[in-house]
Amino acid sequence: MDTLQEIFMTGSNLIVGLILLAILSLIIVAVTFYIIDVTQTTHAIRRNYPIIGRFRYFFEHLGEFFRQYFFAMDREELPFNRAQRSWVYRSAKNLDSTIAFGSTRNLNPPGTVLFVNCPFPTLEADAVDPQPITIGPYCKQPYITSGIFHISGMSYGAISKPAVQALSHGAKQAGCWMNTGEGGLSPYHLESGCDLVFQIGTAKYGVRDEHGSLSDEKLKIIADHSQVKMIEIKMSQGAKPGKGGILPAVKVTAEIAAIRGIPEGQSSISPNGHPDIKSVADLLDMIEHIRSVTGKPVGFKAVIGAYGWLDQLFALINERGIETAPDFITIDSADGGTGAAPMSLMDYMGLPLKESLPLVVDKLSEYGLRDRVKVIASGKLINAADVAWALCLGADFVTSARGFMFALGCIQALQCNKNTCPTGITTHNPRLQKGLVVIDKTTRVANYVRNMTHYVGVIAHSCGVKEPRQLKRYHARIVTDNGLSIPLDQLHPNIIATDKTTT
């Protein structure tokens, strides 16, 4: 009994001692912070309100996470609201995406898209799958695909190894292509056997020589992979037109450095433009050169801002011959996303897709190149209605990056540039990557593609056409400033080829 009492007293004294030590430590920390705060001259709040002022930054940080759960309404959050994310989550999990009672979508704001239902919708028995499209008919190895929804460029480095693996295997299961992003071709892109679009950025990662110029030898090695179906020259990106890719030093691991051909542990900042492409003639020359080296379709990705160069480009194509045209053009929207970009570019530079997509499609039609050059729309298109709208405007394909990040489990924590992504998607921290289980996320990626295709088809059938690519501008309307809608083909009349064509 005495022994138990001694043990109890000893334990009690130890607990009391630990509590006193903790209190003393807190006092020391508080005094230290107080002295630091009142003596520093950088932050006025901390100087005037020592210690307490520090909570401002803590709560400001937590606000990023709490807003989407406790304060934001379903359709008021940016860049993606809860309703948009929820649709992707449910589609990726293959859950019921029906809703009850009534839509929470406000139909009054100018720019709102409304699809025009047909009194005699397409019956399921009459519906057909999206029809195959040939990209690069003048290439030695054209690419034929029927998919309408594909994975946009996300580099290994910007996203993690398990994220690349899940996207790659999911693309294989769903039958869509995966764009490598400008960070080069990794073993994780290749391991599933999915179709790949190899992207060449301004730094020529993965195909650069010791001087940073394009290496035909390395390009040929990349193109010799049967999975690499097309080559995309990245001219500019929606979130940062006129600015090269940014990969913080903390993300430049030994493996990523080897794949890209750059030093390990140093920030990877691409040039803001291609040093060897300074005119439309240079662009066509580069496209033709890469096509001759690889034998595969070659196109370019660009944000549209100034657009006079499109007239010069298309006129030069007709002068040189239709076979010299890019096999595809990927149009990125000004509201596209990225892992890291200056706010001044992300917020203010470039045209959104609602302006640039019809502009490019109409220019191609004007010069008689619409059938020759395929159009890929990219930028904030993550729901079925977004994709259907882009098809109405003339896109042949739609690609998405952030939609697939949501399919992988992204919670829009806005930590992409800090290597602290809580879902393991944009971090190289092994502890955080454990949360991203490749087998599970592979299924979700494939489900997302299949459900996207299905629900775009549902919209198309309601409009009275047999498959999504038969959607035209007259199948949608746009709400105007007076609250009433007008047909999309009235806002953007279809253009007929003029005498500007010479082929």
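Residues 24 or more positions apart account for 69% of the contacts in this protein that have a separation of 6 or more. The model you are looking at is predicted. It describes a protein with 17 helices and 15 strands, and buried residues make up 49% of its 503 residues.

**Helix H9 and its surroundings**

- Helix H9 covers residues 280-294, which is 15 residues. From its first C-alpha to its last it reaches 21 Å, close to the 21 Å expected at 1.5 Å a residue.
- Which residues of H9 are buried? They are Val280, Leu283, Leu284, Met286, Ile287, Ile290, Arg291, Val293 and Thr294.
- Gly295 follows H9, and its phi is positive, near 75 degrees.

**Where H9 meets H10**

- The axes of H9 and H10 come within 9 Å and cross at roughly 50 degrees, so the two helices are oblique to each other.
- H9 passes H10 in a right-handed crossing.
- On the H9 side, look for Val280, Ala281, Leu283, Leu284 and Asp285; they meet Trp309, Gln312, Leu313, Leu316, Ile317 and Arg320 of H10.
- Sorted by class, the residues of this contact between H9 and H10 are eight nonpolar, one polar and two charged.

**Where H10 meets H12**

- H10 has another partner to find, helix H12 (residues 353-366), and their axes come within 10 Å and cross at roughly 30 degrees.
- Why do H10 and H12 count as roughly parallel? Angles under 35 degrees are put in that class, and their crossing is at roughly 30 degrees.
- The crossing of H10 and H12 is right-handed.
- Leu310, Asp311 and Phe314 of H10 meet Leu359, Val360, Lys363 and Leu364 of H12. This contact of H10 with H12 has five nonpolar residues, no polar ones and two charged ones.

**Where H5 meets H16**

- Helix H5 (residues 161-174) packs with helix H16 (residues 438-462) at an angle of about 45 degrees, and their axes are 7 Å apart. H5 and H16 are therefore oblique to each other.
- H5 passes H16 in a right-handed crossing.
- From H5, the contact is made by Pro162, Gln165, Ala166, Leu167, His169, Gly170, Ala171, Gln173 and Ala174. From H16, it is made by Val438, Lys441, Thr442, Thr443, Val445, Ala446, Val449 and Arg450.
- By class, the contact of H5 with H16 has nine nonpolar, six polar and two charged residues.

**A closer look at Arg450**

- Arg450 lies in helix H16. With 42% relative accessibility, Arg450 counts as partly exposed.
- Which residues does Arg450 contact, leaving aside its neighbours within four places in sequence? They are Gln173 and Ala174.
- Ala92 is 358 residues away from Arg450 along the chain, yet their C-alpha atoms are separated by 9.0 Å.

**Helix H13, an enclosed helix**

- Nine of the 10 residues of helix H13 (residues 384-393) are buried, so H13 is largely enclosed by the rest of the structure.
- The buried residues of H13 are Ala384, Asp386, Val387, Ala388, Trp389, Ala390, Leu391, Cys392 and Leu393.
- Just after H13 comes Gly394, with a positive phi of about 120 degrees.

**Two lysines with a positive phi**

- Lys204 is not a glycine, but its phi is positive, about 60 degrees. Lys204 sits in the loop between E6 and H7.
- Is Lys204 buried or exposed? Its relative accessibility is 3%, so Lys204 counts as buried.
- Lys380 is not a glycine either, and its phi is positive at about 70 degrees. Lys380 is found in the loop between strand E12 (374-378) and H13.
- At 24% relative accessibility, Lys380 counts as partly exposed.

Terms used: Residues numbered from 1 in each chain as written. Predicted model: local features only at pLDDT ≥ 70, side-chain atom pairs only at ≥ 80, totals over all residues. Heavy atoms only, no water. Axes fitted to C-alpha atoms, helices over the stretch in contact; angles between N-to-C directions. Helix = DSSP H or I, 4+ residues; strand = E, 2+ residues; numbered from the N terminus. Parallel < 35°, antiparallel > 145°, perpendicular 65-115°, else oblique. Left-handed = near helix turned anticlockwise from the far one by under 90°. Contact = heavy atoms within 4.5 Å. Nonpolar A, V, L, I, M, F, W, Y, C, P; charged D, E, K, R; others polar. Expected span 1.5 Å × (residues − 1). Buried < 20%, exposed > 50% of the residue type's maximum accessible area, 1.4 Å probe, protein only.
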